[in-house]
Amino acid sequence: MTAPPADLPLDLPDAQLPGVLGAALAGLYTGQPRLPARPGGRAAGLAALHAWTGAGYRERNHLSGNVSRLSMYLRHGMIGIREVAAHARHVLRGRERDEFLRQLTWGEFFRLVLRQEGARVLDNLEEPKYPAHWTDALPDDVRAARTDLPCVDAWVTHLIRDGWLHNHERLWFAAYLIHWRGVHWRAGYAFFREHLLDGDIASNALSWQWVASTFSNKPYFMNQENIERFSGGRWCRTCTANCPFRGSYEELEARLFSGHLPRQSPASPGGGNPHRAEPAQEAEPAPIQPTGPTSPRVVWVHGDGLSVTDPALSACPDAPALFVFDRPFLSGVPIAFPRLAFMYQGVRDIAAARRAPTHARVGAVAGELAAFARAYGAGELHVTRNFTPEFTRILAGVRAAHPDLRVVVHEPERLTSYDGPVRRFFGFWKKVEREVLQGAPSPDAPRRGHR
Ligand SMILES: Cc1cc2nc3c(=O)[nH]c(=O)nc-3n(C[C@H](O)[C@H](O)[C@H](O)COP(=O)(O)OP(=O)(O)OC[C@H]3O[C@@H](n4cnc5c(N)ncnc54)[C@H](O)[C@@H]3O)c2cc1C
């Protein structure tokens, strides 16, 4: 194991970012070093938020609908769920306003399921509701966007190029992979995690499970008519492929779920559950050079809180802060470079906005944090909670590496105050609807239906 490099510079202009960050993170990402399709950071997130008028959100299920594309900023805490909700309440009215706030609440719901279930969200939460015979690995033709189905190939191409897909494209792709190709949802989850700028455990794994029917009462699937309607005919009009989606819902249901699922091409070996991989052994952290005076407190900044408004950072404006690219995790889990660059841009904005030192390093997070606290002579480590299994593992590692360090955990921002058990979104929504909408729903608001 080579020693981790010293601190990453936090003043890299975008033009130098792929080269310098690419070299510092060599071996820890997939694809070529390049900038993300949308810039990361709080400034970019706020600009995107304020530029979004929401007009036409009513058509959100259509690919042409005016969805916000804020998910990557929300996922990394670059903008807060409450400020997004406040903006929506300000710019939207009636049904559109309610619909947007309900969608925003799906994210909170999934995070609460993750908090409740922990690492179990990476395995089937329930039995599939049909006789499923899934293979483990993503087929090569899917990964290469060479399925001969123009729509599927476009979804894969957009995913890799933009790091983002419309919700309906995500649903269609997930249904195609699981139900038509007979691939376990976990392979799709890993493919999305590799490329999505908004990829997280909660919304990603649980949405895949929702499609697969291991976290819902029935599998989600679509037909060609549905794709044509909501895509405005984009691919179907000129398509000459032997379309596997053609047919009525009844016909497709009989074909997909009553017998064995078709296998179109052999799957490549691999698969498994990379989140479960044991972290590789990591060398001792390289020496840390404090860039300020000693401090009683230091802050751990992680990928869910990449903004100066993060609760731990807000509580400790004068404390040195550390962000770590998690070398053992990234060594075992493929993540495309743009996502790492997106996160770097978030840390860079934090560094620019604070008067206290902010560092970014590459290494094993627990050891880096313990060494960082020692280098600054700190007795307290402040951090904002996230609900991932890694968070608990890393804090246990910090306590083992530095038993004298007091860990102070700040609570993350929430949209709702609900703290009970969660099971299905509809039941959750009924409990929080009035709080989220700040009153009764609009008379024309949707009651249930398509997610
Ligand atoms: C298979 C699959 C995997 C997914 N993986 C992720 C993921 O890793 N990360 C992620 O943030 N979303 C994920 N989603 C949910 C959803 O597709 C995206 O949040 C949404 O498309 C983001 O675009 P937007 O910001 O324009 O959404 P908008 O419609 O503008 O919604 C605003 C915000 O509400 C939240 N939201 C909206 N719809 C959903 C939803 N169905 N589930 C959860 N949150 C929602 C997001 O934070 C989003 O930014 C996944 C959906 C599917 C079907």
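This is a predicted model: local features need pLDDT of at least 70, side-chain atom pairs count only at pLDDT 80 or more; totals for chains, interfaces and linings use all residues.
Visitor: Which domains does the assignment give for the protein chain, and where do they lie?

Guide: The assignment gives domain 1, covering residues 124-272, and domain 2, covering residues 280-410. Their centres, taken over C-alpha atoms, are separated by 36 Å, and the contact takes 7 residues from domain 1 and 10 residues from domain 2.

Visitor: How much area do domain 1 and domain 2 bury between them?

Guide: The size of an interface is often given as the accessible area lost when the parts come together. Here domain 1 and domain 2 bury about 720 Å² between them, with 61% of it on carbon and sulfur atoms. On the side of domain 1, the residues that lose the most area to domain 2 are Arg193, Glu194 and Leu197, which together account for 70% of what that side buries.

Visitor: Is Glu194 buried or exposed?

Guide: Glu194 counts as buried because its relative accessibility is 8%, which is under the 20% cut-off. Glu194 has its place in helix H9, residues 185-195. Its side chain makes polar contacts with the side chain of Thr30, at 2.8 Å, and with the side chain of Arg143, at 3.5 Å. Leaving aside neighbours within four places in sequence, Glu194 is also in contact with residues including Pro334, Ile335 and Ala336.

Methods
Residues are numbered from 1 along each chain as its sequence is written. Side-chain values use heavy atoms; hydrogens and water are left out. Helices (H or I, at least four residues) and strands (E, at least two) are DSSP runs, numbered from the N terminus. Buried means under 20% relative accessible area, exposed over 50%, partly exposed in between (1.4 Å probe, protein chains only). A polar contact is a pair of N or O atoms within 3.5 Å; within protein, one must be able to donate a hydrogen and the other to accept it, and residues adjacent in sequence count only if both atoms are side-chain atoms. Contact means heavy atoms within 4.5 Å. Domain bounds come from an automatic or database domain assignment. Buried area is the accessible area (1.4 Å probe) that two parts lose on being put together, summed over both.
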